Amino acid sequence: MSCLTRAACAAMDAADPLAAWRAHFALPEGVIYLDGNSLGPLPRATEALIHDVVRRQWGEDLITSWNRHGWVDLPQRLGAKIARLIGAQPHELIVADSTSVNLFKLISAAIKLRPGRRTVVSERGNFPTDLYVAQGLGELLGARMELRLLDCDELEAALDEDTALLMLTQVDYRTGRMHDMARLTRAAHDAGALALWDLAHSAGAVPVDLNGAGADLAVGCGYKYLNGGPGAPAFLFVAERWQELARQPITGWFGHAAPFAFETAYQPAPGIARFLAGTPPILSLKALEAGVDLVLQVDQGALRQKSTALTESFIRLIDERCREFGFTIASPRAAEARGAQVALRHAEGYPVVQALIARGVIGDFRAPDLLRFGFAPLYVRFVDVWDAVDALRAVMAERIWDQPAFKQRAAVT
Ligand SMILES: Cc1ncc(COP(=O)(O)O)c(C=O)c1O
């Protein structure tokens, strides 16, 4: 097979049915953005929308906007939109708080839904916040909860009559390895446990079918592939069958059955609204809505097809053009086992990523040695893939990464 050329990449862009969506993002000139798996770029529509919400809704209509502009049920309406992306019913999703806070709510709910069972099973390599939140809850619950961490291939065998919850991230934040959600959920159910999925690197990136997989609970981020902006609110999913039984511990007034009755005693709202806590952040929700509205216009299958072609091209170019520099591909080579990102392993990963960023190719670094590149199919082009690998080749061949400035560790990597 002949090597992949830049001309061949340009031809793929010319034939790409999703190519026009790139114009919907305010991407800076000269930047190749391969970090949409960390922070999605700014959709052009967001700026005008936020300006209008600030000036007209907040500025002129003031507090009447809660009713007049439907602010009060925005968490539900936006949840219903995200539900369409991940195979849930509209009333099974709500947008609120951060993924971390939502994990706290849902792990607590799961423990209560499985009385007599105390183990939460998860993966050692799960995203730290998932593990930290479970550890914190474990401290609170004492003997009533234990977190058990295992390697990926040990998970199913570890599920037993003491397991309350299997808690996993579908697409691994480091390597992009994708779990078989349906199989693992079935295994959890066979053991009498519930399954909670973190969709941070899935929603808007890979097709997800929560109800098809039988998932019980899920959480996910708004600021990655949904392009909701830095610190955008997160979403949470509770399958319809659990909603009336489930209780969450952050019993704030927005999750009350009648917030404006101002009763003394807490009464959970019917349905998914009981998973709200405090006043919804309207500006952030509006920005997220603009991002979600973009993703909703695109067929999820087409998105998956393109992101797979992008990651395949990247892996192929690394094999063909960077072989002598000592990179290993940390992501699965089988496309069906991989999300929309590729990670490379290299001992000098940190300065290499910094040198790439200085050349306008933005990826990120995850300790101890991973260079991580996201291929969000709405705006990444095949020529970007070629140019990014070309830049990587130059950084390595000319040892540009070896400059002291690229070795200074910043707070965010
Ligand atoms: C799998 C996963 N879960 C959760 C988070 C972050 O959660 P939060 O939005 O609470 O910071 C991330 C962030 O990268 C993540 O990758």
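Author: The model is a predicted one. In it, the second largest pocket has a volume of about 250 Å³. Its lining comprises 14 residues, of which S108, I111, K112, L141 and R144 are the closest to the centre of the pocket. By class, the lining of the second largest pocket divides into six charged, five nonpolar and three polar residues. Two helices, helix 5 and helix 6, each supply at least two residues of this lining. Helix 5 gives the most to the lining of the second largest pocket, contributing three residues.

The account now turns to the largest pocket. About 450 Å³ of space lies in the largest pocket. A total of 31 residues line the largest pocket, and those closest to its centre are S38, Y223, K224, R366 and R372. The elements that give two or more residues to this lining are helix 5, helix 6, helix 13 (349-358) and strand 12 (364-366). Helix 13 provides the largest share of the lining of the largest pocket, with three residues. The class division for the lining of the largest pocket is 13 nonpolar, eleven polar and seven charged residues.

The ligand sits in the largest pocket. Helix 5 (99-113) and helix 6 (128-141) are the elements that give two or more residues to the shell around the ligand. These two helices also each supply at least two residues of the lining of the second largest pocket. The shell around the ligand holds 14 residues, and S100, D198, H201, Y223 and K224 come nearest to the ligand. Of these, Y223 and K224 are also among the residues closest to the centre of the largest pocket. By class, the shell has six polar, five nonpolar and three charged residues.

Two aspartates face nitrogen atoms of the ligand: a side-chain N or O atom of D198 is 2.7 Å from a ligand nitrogen, and for D130 the corresponding distance to a ligand nitrogen is 3.5 Å. On the side of the ligand's oxygen atoms, a polar side-chain atom of H201 lies 2.7 Å from one of them. On its own, the ligand has 400 Å² of accessible area, and the protein covers 84% of that area.

Key
Residues numbered from 1 in each chain as written. Predicted model: local features only at pLDDT ≥ 70, side-chain atom pairs only at ≥ 80, totals over all residues. Heavy atoms only, no water. Near = heavy atom within 4 Å. Polar contact = N/O pair within 3.5 Å; in protein donor to acceptor, adjacent residues only side chain to side chain. Areas by Shrake-Rupley, 256 points an atom, 1.4 Å probe, with all protein chains shown as cover. 1 Å grid on protein atoms, 1.4 Å probe; cavity = no way out; pocket = protein on both sides within 12 Å on 5 of 7 lines; lining within 4 Å. Sits in = over half its atoms within 2 Å of the grid points. Helix = DSSP H or I, 4+ residues; strand = E, 2+ residues; numbered from the N terminus. Nonpolar A, V, L, I, M, F, W, Y, C, P; charged D, E, K, R; others polar. Points joined across faces, edges and corners; volume = space filled by probe spheres on them.
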